[in-house]
Amino acid sequence: MNVVVENSPVQETAIPDIAAGLNQLVADSYGLMAQLHLAHWNIEGADFFPLHEAFQGQYEEMFEAIDDIAERVRALDHYAAGGLKALAKMSTIEEGPSEAPCPAKDFVSSLIVGHEKCLETAFSTRILAAKNGDAETEDLLIGRIKSHQKALWMLNAYLK
Ligand SMILES: [Fe+2]
């Protein structure tokens, strides 16, 4: 028996799907983290300093979160997704501009789409975990949802 299921209300049959949802979030989060890094490096113009700092704050937070998500996959007795090629293949995050100059608002708009994608993945996996008695995964994902919602508030506020 899976160690997570012992003495808990978790539905064992749902664990592969929950683990798959968490791995999808690892891949999407990695994709968004790479886009935040890109924006941090290539941002130009009058808003360089605050945006350079803001993007760094977001990718640093995500780097730690990805580790927690992947380790929850392991706690569920599944294997974590990893490796740049594998994650790039799985990720639903669109690539931002890397070689041409890009206006700050375009970087921010593309990061908003990325955060929305991660939010979508976190929501669907959270619902799956909730339906199957996995409150611990739900707890982890509630934290991720709050973090993406906060980032979206800030990025959207910048565009107003
Ligand atoms: Fe830096």
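Predicted model: local features only at pLDDT ≥ 70, side-chain atom pairs only at ≥ 80, totals over all residues.
Leaving aside residues up to four places away in sequence, Leu22 touches Ile69, Arg72, Val73, Leu76, Thr125, Thr137, Leu140 and Leu141.

Leu22 belongs to the largest nonpolar core, which has 42 residues. Leu32, Leu36, Phe55 and Leu111 are, together with Leu22, the residues with the most contacts inside this core. Colour the helices in turn: H1 (15–42), H2, H4 and H5 (135–159) each supply at least two core residues. The largest share, 11 residues, comes from H1.

Now display H2 (48–75) alongside H4 (residues 104–131). How are these two helices arranged? The axes of H2 and H4 lie 12 Å apart, and the helices pack at an angle of about 20 degrees. Angles under 35 degrees count as roughly parallel, and H2 and H4 are therefore roughly parallel to each other. Their crossing is left-handed.

To view the contact itself, select Leu51, Phe55, Gln58 and Met62 on H2, then Ala104, Val108, Leu111, His115 and Cys118 on H4. These contact residues comprise 7 nonpolar and 2 polar residues, with no charged ones.

Is Asp77 buried or exposed? Asp77 is exposed, with a relative accessible area of 54%.

Terms used
Residues numbered from 1 in each chain as written. Heavy atoms only, no water. Helix = DSSP H or I, 4+ residues; strand = E, 2+ residues; numbered from the N terminus. Buried < 20%, exposed > 50% of the residue type's maximum accessible area, 1.4 Å probe, protein only. Axes fitted to C-alpha atoms, helices over the stretch in contact; angles between N-to-C directions. Parallel < 35°, antiparallel > 145°, perpendicular 65-115°, else oblique. Left-handed = near helix turned anticlockwise from the far one by under 90°. Contact = heavy atoms within 4.5 Å. Nonpolar A, V, L, I, M, F, W, Y, C, P; charged D, E, K, R; others polar. Core = buried A, V, L, I, M, F, W, Y, C linked by side-chain atoms within 4.5 Å.
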